[in-house]
Structures are given as structure tokens and as C-alpha cells.
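Dear colleague,

I am passing on the structure below, together with some notes on what came out of going through it. Please read them alongside the coordinates.

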Amino acid sequence: MGDKISTDRYTPRQRTVYRARLVDELEVFDRHLQQADFVSQGTIGLELELNLVDDAMDPAPLNHKVLANLSDEYQSEIGSYNVELNLPPQSIDGDGLRTLEAHLRQRLGEVHAAAGEAGTRVAMIGTLPTMTTEFLEDPSWITDEHRYRGLNHSIMESRGELLHIDVARMESYRHDFEDISTESTCTSMQLHLQVSPNRFADAWNASQAIAGVQAAIGANSPLFMGRRLWHESRIPVFQQAIDTRTQELINQGVRPRVWFGERWITSVFDLFEENVRYFSPLLPEGRIEAGKPVMSGENPGLHYLNLQNGTVWRWNRPIYDPNGELSHIRVENRLLPAGPTVKDIIADAAFYYGLVKFLGEQTRPVWSRLSFATAEANFIAGARDGLTARLDWPTLGTIDVVELVGSHLLDDARLGLEALGVAPDCIEEYLGIIQGRVDNRQNGATWQLAALTEAGAGSRPDTRQRREALARVLRQYLANQETGAPVHTWSTSVE
């Protein structure tokens, strides 16, 4: 979805031609996988989506002004109150994680400076607690670019009726929207892991197996539309926000475009083939109209296949990148929220990379002893219940996620990072943050919920008391964020 798009609507002829090109490129990709050399350096990378807020802590639709003060390394997102930053790929060994932290601090500093010039502030959080239905029903919510309006039109036309958002836990939120505006509320961090094609399946399967653990430990989106909902409400909101299926299609078993998947894989080709087999094109943009070459050096560009892949939102997405002397494949881990702090983000990254390394190289891997349906159920439980979740794990049965992590998976992640050559002090610092969340039973989600109670939330959403409390919570969150101290150390008092 990062590509420029020439229009926001497409004809039946364009869709028909696109489909034929898509099938052709799938065959090209298959041959390329079998015959070509690929990069296999195991580099890591990171993308981060951010919110903009005004002095009242309400969303500020000013990304065009902020981006005008930044280089092309920063991008828009679908919400006019969102911006995205990207970090270049790098090695993880030695002090690589600390270098990743330094790069992230630098880029964030530049966004903060640009936001200040535009008269707004940056909030690094999974979902803005102060978001309102009224804001999302105003046409100004969307960034005025063809790719976003085209995506919105295609999803709504495919669906043919209003989008229904329905999420409940401690409280509930239900509302019908005329567009995909709620998608913009889901701001994430995305971890990249470059792997050779013959190791991709192991890395992807391991990523899927630990998705529930990641969602639980890293949860930071418990307040959606001012309601206490899932600890990681981004998960159900995102899935519902861009669902092209009506209830009848759901009943028929049609796959959702925001998809956990349905099976362990043996090759990266499995995922691209499913994208073509199961999902109709949303943005049938021609290669020439998009300004994309047939080849990138000696590598096939695969414009059609990559654009299709960008409109199937797997929580662990496969990426084919043709740019460079050799093309490369990577896993894009997309399920974690933004924030709470830079230290927390790098800790989540260390935990992920270490676990994938360890689990991906076991002689009897976890996915050979864990059904895919159980892995998906763990993912839902982790997103819903956060640090209070109970998950199923091979040889351990049903276990509290804090015990699973504290007594088992942190040791595995440590061994994985050691195998990657990460410096011992980096391992201790960043995994120590995960240990702190487990010991203190506090991550971004539990802090927000406790802080809302401290701020005097009242018993009912959509009241003046609740709105004022939410603004106080977000203002305190940003103040805590500025200190740089990891979230497990934060006091829940609100000034």
C-alpha cells in the first residue's frame, strides 16, 4: 500500500486485465524462487505508525503539514492524523538492538520537531483513547490521496453495505460506518525479519505460533472510542474495519482480508498463492500506470503480485522485495501496537527476534505439536485479555501467559538472541523489560485501564466526565512517554 496509485476507481476491463497479469506473475515468482539466489543476511528493520493530537488531546488531521517539514523517508497513512516512519535494515548482532533504538529515537525526534512546527503533538500509542465517532464520521479523517480513497471505495463497493464495528469486553461499542475510517485508529509497529527462502516457512510458522504471546505482552490499545474493550482492541477493530464480507459470505466461509491464516506452511509460495486464489483484487492498478518496471536489475519486479499482497492484511505478512543486486524475502510482523516507549518497542523486538530464532531451529518445532486452530485461539485470547490471558502451549497445557513467558519463553528468547550474536548487555537490558512487565503485571494496556480509573472515568462512556478523564489519561501517558522509562515502571497516578 506504499505505492502511488493513479486513480481512486477502476473499470471492469482494468480488473480483468489485472487478474490475468496477477496469475502470470505468480508463475514468474515460482520460477524465481526455484532458480535465483536471494539475500540471506538476516537483517532486521522496523516501521512505526504515529498519531497526531492537539492540545485538547483530540486527533489533529494535520499530517500534510507535518510531512511538509520532513524528508521522503516519512510517509502518510490513511488517517489524516497519522504519519509513518521507517528504519533502514541493519544487523542484529553485537549492539544492533541498541543501534536500532538510537535510529528510532532520531527519527522520532524529527517527527516531534516537525509536529511542533505544525502546531500539533505526536502520540505513540496503539489507539487514541480520545478518538470519537464524530471525528471518524467527518470526511476530513482520510488523507487525500488516490491510494487511500481507492482502497476505501473498493472495500465499500465489494461489501455493498455499511461497515459494522462490534467489540465488547468490560464495556461495548457498536456502530455502523459509511467508510473504513476505523482502520485509521489502528496504529502499529511492524518488525521486519529478512530470511532466505528455504528458512521462510520456519520463521513464519514460529511467528504465528507466538502471536498470542506477543499480543498479550505488548498490548497497548484497551480504550477504543473511550470504552474499556479488548486489551489489544486494534485486533478486532482492524479486522472488522476493512472486512469486504457481508454476513452471508462469512457464513459461507469466505476468508477475511485481515487474516491470521488457516494452516502451517512449507514455503513462502504458499502464502502468495493463497493471496491469488482466495482474494479478488482491491486496487487493480496497471504496472504502467503505477510507473513500475518489469524488472529491477536482474530481478522480476512483480508489481501485480506485490500490490495484491499489500491488500491482504496478514498479521505476519510475507514480503518480496526485488530492489538490490539480489531480491530478498522477509517476514513482516504486524500485530504489535505502537508504543508505549522507545525502550518498550526495542524490548518487544528483542523478544520477537530471539523467540523466532530459537523456535525456528528446533528439531521438533512448536508448530508440529500445536494445532493451527489453537495458535489462532491463543492469538485471540492474548489480544482480548492481555496479561491476564491463559494460553495453550505444548507440554504445558493451559497456562497463564505471564507464567509461560516468565518461566519458559524468556529463556528461549535469550538463547535465540545469543545464537544471533547479540551482545549480553543488550540481551539483559531489553529482555529485562519484558521480565519487568511480567513481574509487575503492567504493560501499556493495564496502565491505561488503571489510569482511567484513577482519573475518575465514571460508570458511563460518552459523558463529559469520561471524556475529561480520557484526555487526562492521554496527557499523562504522553508525559510518561517523554521520560523514556519503560511502561512497567510507570505510576498509575494521573495529574
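The charged end of Arg255 sits over the ring of Tyr278, at 3.7 Å from the ring's centre; please keep in mind that this, like everything below, comes from a predicted model. Tyr278 also forms an aromatic pair with Trp259, an edge-to-face arrangement with 6.1 Å between the centres and 90 degrees between the planes. Since Trp259 belongs to strand β10 (residues 258-259) and Tyr278 to helix α10 (residues 268-278), the pair ties together parts that are 19 residues apart in sequence. Trp259 is buried, its relative accessible area being 5%, whereas Tyr278 is partly exposed, at 25%.

The structure holds 19 aromatic pairs, and another of them joins Phe238 and Trp313, again edge-to-face, with 6.5 Å from centre to centre and 85 degrees between the planes. Here Phe238 lies in helix α8 (residues 234-241) and Trp313 in strand β13 (residues 313-314), so this contact ties together parts that are 75 residues apart in sequence. Both Phe238 and Trp313 are buried, and they belong to one aromatic cluster that also includes Trp204, Phe260, Trp264, Trp315, Phe372 and Phe379.

Turning to helix α3 (residues 96-117), its 22 residues reach 32 Å from the first C-alpha to the last, close to the 32 Å expected. Its buried residues are Gly96, Leu97, Leu100, Glu101, Leu104, Arg107, Leu108, Val111, Ala114 and Ala115. They cover an arc of only 155 degrees around the axis, which puts them on the same side of α3. Just after α3, Gly119 takes a positive phi of about 80 degrees.

Methods: Residues numbered from 1 in each chain as written. Predicted model: local features only at pLDDT ≥ 70, side-chain atom pairs only at ≥ 80, totals over all residues. Heavy atoms only, no water. Helix = DSSP H or I, 4+ residues; strand = E, 2+ residues; numbered from the N terminus. Expected span 1.5 Å × (residues − 1). Buried < 20%, exposed > 50% of the residue type's maximum accessible area, 1.4 Å probe, protein only. Arc of directions from axis to C-beta. Phe/Tyr/Trp six-rings, centres within 6.5 Å; stacked < 30°, edge-to-face > 60°. Lys NZ or Arg CZ within 6 Å of the ring centre and 35° of its normal.
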